[in-house]
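Please look over the structure below before reading the notes.

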Amino acid sequence: MLQCTSLLWLWAIATATGSTGSAIRFEDVALGSGLDFILENSPTPDKFMIETMPGGVAIFDYDGDGRPDLFFTNGASIPSLQKSDRKYWNRLFHNEGGLKFRDVTALAGVPGEGYSMGAAAADYDNDGHPDLFVAGVNRNILYRNRGDGTFEDVTNSAGIRSGEWAVAAGWFDFDRDGLLDLWVVHYAKFSVGESRYCGDQRRGIRIYCHPKYFQPLASTLYRNLGNGKFQDVSQTAGIASFAGRGMSVVFADYDHDGWPDVFVTNDNMPNFLFRNKHNGTFEETALVAGVALREDGKPVAAMGADFRDYDNDGWPDLTVTALAAETFPLFRNNGRGSFDDATYTSHVGALSLRHSGWGVGLVDFDNDGWKDLFTANSHVNDRVESFEAAVYREPDMVLANLHNKTFADVSEQAGLTGAKAHRGSAFADLDGDGLVDVLVSSLQEPVELWRNITEGGNHWIELKLIGSRSNRDGIGARIQIGTQYNDMTSAVSYASSALVPVHFGLGAIPTAGKIEITWPSGTRQTLSDVRGDQLLVVREPK
C-alpha cells in the first residue's frame, strides 16, 4: 500500500511539473540584492490590531526603463502613527538589472506619511507614467508620477480623503470611459485611544482581539474625472451601505458582460461581490453567486485574493486565503453567473487546512500553460500557539496545477523554506528570463525575493498592453491564447499590486499562435503567428 501511495504521489508531481518534466523551483536572492528592507509594524504590549496587518507591496516600472521596480509599504511609530524615524519609511527600489536593486526612496520622494498598509499602481492620468496610491491607517496618499523619476503628492488636490483605516486599494475602469477609477477598502473604525484586553489575563497572555470587536466600514469608490480630480461616488454607485471588515480587492468580468466586477474579502464576515450594472452602479451578489461564504455557510478570516481562470475554461475563478482550520477557499466560476465551492474537490482544502495565509496569486510558474497557486503564510496572532494547535510563523507555499482541476503541494521540492510572519506578495518576471518571480514581505524580518529557477525549457510570452481608446495600461483587457485566459489587472494578493505585462506559459510549443485581446473599450484584436519567448508590446487599434 505504501509503495502504491508513493507511486501515485510521484505521478502527481510529474503531472504537475509541465510538459517537459520541469519541477517548480525557487531560490531566495534577497540577500545581496540590495533589498535591505524590513517591515516595521511597531508591536506594542497593547496589541493594537493594526500591528498585525501591514505589508502590502507593489511591482511596477516607475521610470519606464523596461525593468520592474519594487515598492514596500511600512508602518509607523505607535501611538503617534508618525514615521518618526527613517526605519518607518515606505521604500522604493530601482531595478538595476541582474536582480540588483538600489534604494531611491528619498530621490523619488515617496517615504510616505502615517502607518501605511496597501499599495496600488496604475497610470490614472494616461500620461505613460505609472502612478501610485498608498492606503493606510487614517492616512491615504496619491502619488502622481512626474515622469522624471520623482513623484508628487496630489492627494488633497485630487480629492482623495483620509481619516479611516484603509487596508487595500485597486484601479479599474468601472464606467469604461478610458479613465482608471480607484476602489479603496476599509477595515474598521480604529483609534489608538481604545485598547480592549483580549486573551488570558490570568496567565498574562494578551493577543490581538477577534475581528467581531471592530465596527466594519464600507469601501469608497472614486470616479476619475479626467482633470486630475476624483469624485467620491460610493453613494450613487450603491456600495456605501455595504459595511465590511475589508482586507483586499480584486477585479474581473466574472459574467462576461463586458463590464468589470469587484470582489472584496472580509474578515470573519461574508465577502462582497459587486456586479457592475453598466450604469454607474453595482449590485452586491456574493451570496447568490456562492462566494460570500464557504460551502458550509460559514465566513472565514478572508485576507488575500486573486481573480483568474485556473482551469482554462475561459471563466475567472476566485482564490482566497484565510486562517488555519478554515482552509483557503477556491471558488470555481461555473459560467452561469455563479461559482461552485471547489475548495476540497481541487485538493486545496486538505492542503491548506493547517495553514494560515495572507498574500496569494494564481501564476504559471513552470510555463506549462496552467496557473499554479502561491500563498504567503502566517497566522494573525503571534501568541496563537498558546491557545490553538496552530503556528504563527510559516514558510510560503506553492501548489502545482495538475491540469485536471486539482493541485498538489510542491513547496518543499520548490525550496520554499524559512518560517516567517509573511504578509503581502506580488509576482513578476524581475530578471527577464521568462519565469515569474515572487516578492514577499514579512513582519520584523527581511523581505524575500524568490527567484524562479525552474528548469525544463517550457516556452512563454508576455504582453505589455498600451491602450488608445481604453486606459493607457489596458487594465480590464481579457486575453486568450489557445485554451488559456488571463486578465490585465494590477490588483492582486493581500493589499498588493503588480502592474506588469500579462504572462502566459506555452509549454513545449515555441509559438503563441493566435492571440485574441478584448480591450476594455470593447475593441477586439487578433494577432496571428506570434513567436514565443518574448515580451510583446501590443497597442490597441485606434
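1. The side chains of Asp311 and Arg332 form a salt bridge, with 2.6 Å from N to O. (A salt bridge is a side-chain nitrogen of Lys or Arg within 4 Å of a carboxyl oxygen of Asp or Glu.) Asp311 sits in the loop between β22 (305–308) and β23 (317–320) and Arg332 in strand β24 (residues 330–333), so the pair ties together parts 21 residues apart in sequence. Asp311 is buried, at a relative accessible area of 6%. (Buried means under 20% relative accessible area, exposed over 50%, partly exposed in between, with a 1.4 Å probe and protein chains only.)

2. This is a predicted model: local features need pLDDT of at least 70 and side-chain atom pairs pLDDT 80 or more, while totals for chains, interfaces and linings use all residues. Residues are numbered from 1 along each chain as its sequence is written, and side-chain values use heavy atoms, leaving out hydrogens and water.

3. The whole structure holds 26 salt bridges. Another pairs Asp382 with Lys47 at 2.7 Å, N to O. These two residues are 335 residues apart: Asp382 is in the loop between β27 (372–377) and β28 (397–401), and Lys47 in the loop between β1 (26–28) and β2 (57–60). Asp382 is partly exposed at 26% relative accessibility, whereas Lys47 is buried at 13%.

4. The protein chain has seven helices and 41 strands. (Both are DSSP runs numbered from the N terminus: helices are H or I with at least four residues, strands E with at least two.) Of its 542 residues, 63% count as buried.
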